[in-house]
Amino acid sequence: MTSFKQRVFSGVQPSGNLTLGNYLGAIRNWVGLQDTHETIFCVVDLHAITTWQDPNTLRDATREVAAGMIACGIDPKKSILFNQSQVSAHAELAWIFNCVARMGWLNRMTQFKEKAGKNSERASVGLYVYPDLMAADILLYKATHVPVGADQKQHLELTRDIAQKFNNDYKVDFFPSVEPLIFGEGTRVMSLRDGNAKMSKSDPSENSRINLTDDRDVIAKKIRKARTDSEPLPETLEGLEGRAEARNLMNIFAALSDQTAATICQQYAGQGFAEFKSDLADLSVEVLGPITDEMRRLMGDKAYLDSVLREGASKADAIARPILKEIYDIVGFLRP
Ligand code: TYM
């Protein structure tokens, strides 16, 4: 029997440091999928420039995200790893999807509202059509499974809507239905300063996040300083309702130790945060320390990183180009 491997696609923006949120919500989950699925992982530099990026910083961040993925366990021999701008078919399909998606759909995207803020008139048009490019990333490979953190759910619903509308409009059964893979205790890692805000690369407060490039002392310090409350830890998770910061630290602990939040809660029931934080700091350093070391080592070898991205791009292009050709035929573009 021939085995059919389902195709996975996912991406990370090179718009700042990789955070613990990127790791627990996404990249860590990708590693296991490499053995069971055909996996394609992309550093999405076209997405990054929807907000201003200094060119030199963007180049460095692109390599850094690639180094981070490899250090977390993405193996360029098992997965295709590349940066988006090297495969021009992404931008080409995104244009077609700009013509498939409806203004009303994009108007409902919460990420645009968050990122554009009050001054949406000054946001780039790219930021507005960002989800169309994301749909193109996935559907260009006819990927069916997309492992992401919870914040990407709405974008993936839009991807399904675009695929369906394309299929309906052109009366084809071309694009598959896309399944989000959102799993583990770390699908929504929140800021260490505010349990109701996402931990994000772009948060102005350094203490709000743990970066994968932080050294051991910095990681431990950020966890010690993380905001909590004065109540002792409860026996069950229900007792953490309304205590967003405490719940967040519990989830991080659970995700890093591969246990459930309920188990960790029981373990620390009745205690204050001092011992819990000290153990969490040790655990974080134990898990992230080797990743940081490997990332630093890889960052010193730009030639290697560039060759991985170049070879990845060439493999990605070999899959994408024929699919894009079929799409052009379906749409009716003349190719004499
Ligand atoms: P980005 O670069 O913001 O984040 C990359 C991945 O990390 C996850 N993530 C989190 N998960 C849990 N808690 C957090 N605090 C946290 N912060 C980030 C994100 O959910 C994501 O999975 N639009 C995407 C990039 C993208 C993409 C794609 C993803 C472009 N094309 C196609 C999947 C498929 C983004 O901005 O991710």
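In which hand does α3 pass α13?

**Before you start.** Residues count from 1 along each chain as its sequence is written, and side-chain values use heavy atoms, with hydrogens and water left out. Because this is a predicted model, local features need pLDDT of at least 70 and side-chain atom pairs count only at pLDDT 80 or more, while totals for chains, interfaces and linings use all residues.

**Stop 1: α3 and α13.** Select residues 55-72, helix α3, and residues 273-299, helix α13. Helices here are DSSP runs (H or I, at least four residues), numbered from the N terminus. The two pack at about 135°, axes 8 Å apart. Axes are lines fitted to C-alpha atoms over the stretch in contact, and angles run from 0 to 180 degrees between N-to-C directions. So α3 is oblique to α13 (oblique is what remains after under 35 degrees, roughly parallel; over 145, roughly antiparallel; and 65 to 115, roughly perpendicular). The crossing is right-handed: the near helix is turned clockwise from the far one by less than a right angle.

Now show the side chains. From α3, pick D60, R63, E64, A67, G68, I70, A71 and C72; they meet I291, E294, M295, L298 and M299 of α13 (contact: heavy atoms within 4.5 Å). By class, this contact has eight nonpolar, one polar and four charged residues. Asp, Glu, Lys and Arg count as charged; Ala, Val, Leu, Ile, Met, Phe, Trp, Tyr, Cys and Pro as nonpolar; the others, Gly among them, as polar.

**Stop 2: α4 and α8.** Move to residues 89-100, helix α4, and residues 130-139, helix α8. Their angle is about 125°, with axes 8 Å apart. That makes α4 oblique to α8. Their crossing is right-handed. H90, L93, A94, F97 and N98 of α4 meet D132, L133, A135, A136, D137 and L139 of α8. Seven of these residues are nonpolar, two polar and two charged.

**Stop 3: the ligand.** Select the 27 residues around the ligand (a heavy atom within 4 Å). Y130, D137, D151, V189 and K201 come nearest. Next, look at polar contacts (N or O pairs within 3.5 Å):

- V189: a backbone N or O atom, 2.7 Å from a ligand nitrogen.
- M199: a backbone N or O atom, 3.0 Å from a ligand nitrogen.
- K201: a side-chain N or O atom, 2.7 Å from a ligand oxygen.

Conventions
Polar contact = N/O pair within 3.5 Å; in protein donor to acceptor, adjacent residues only side chain to side chain.
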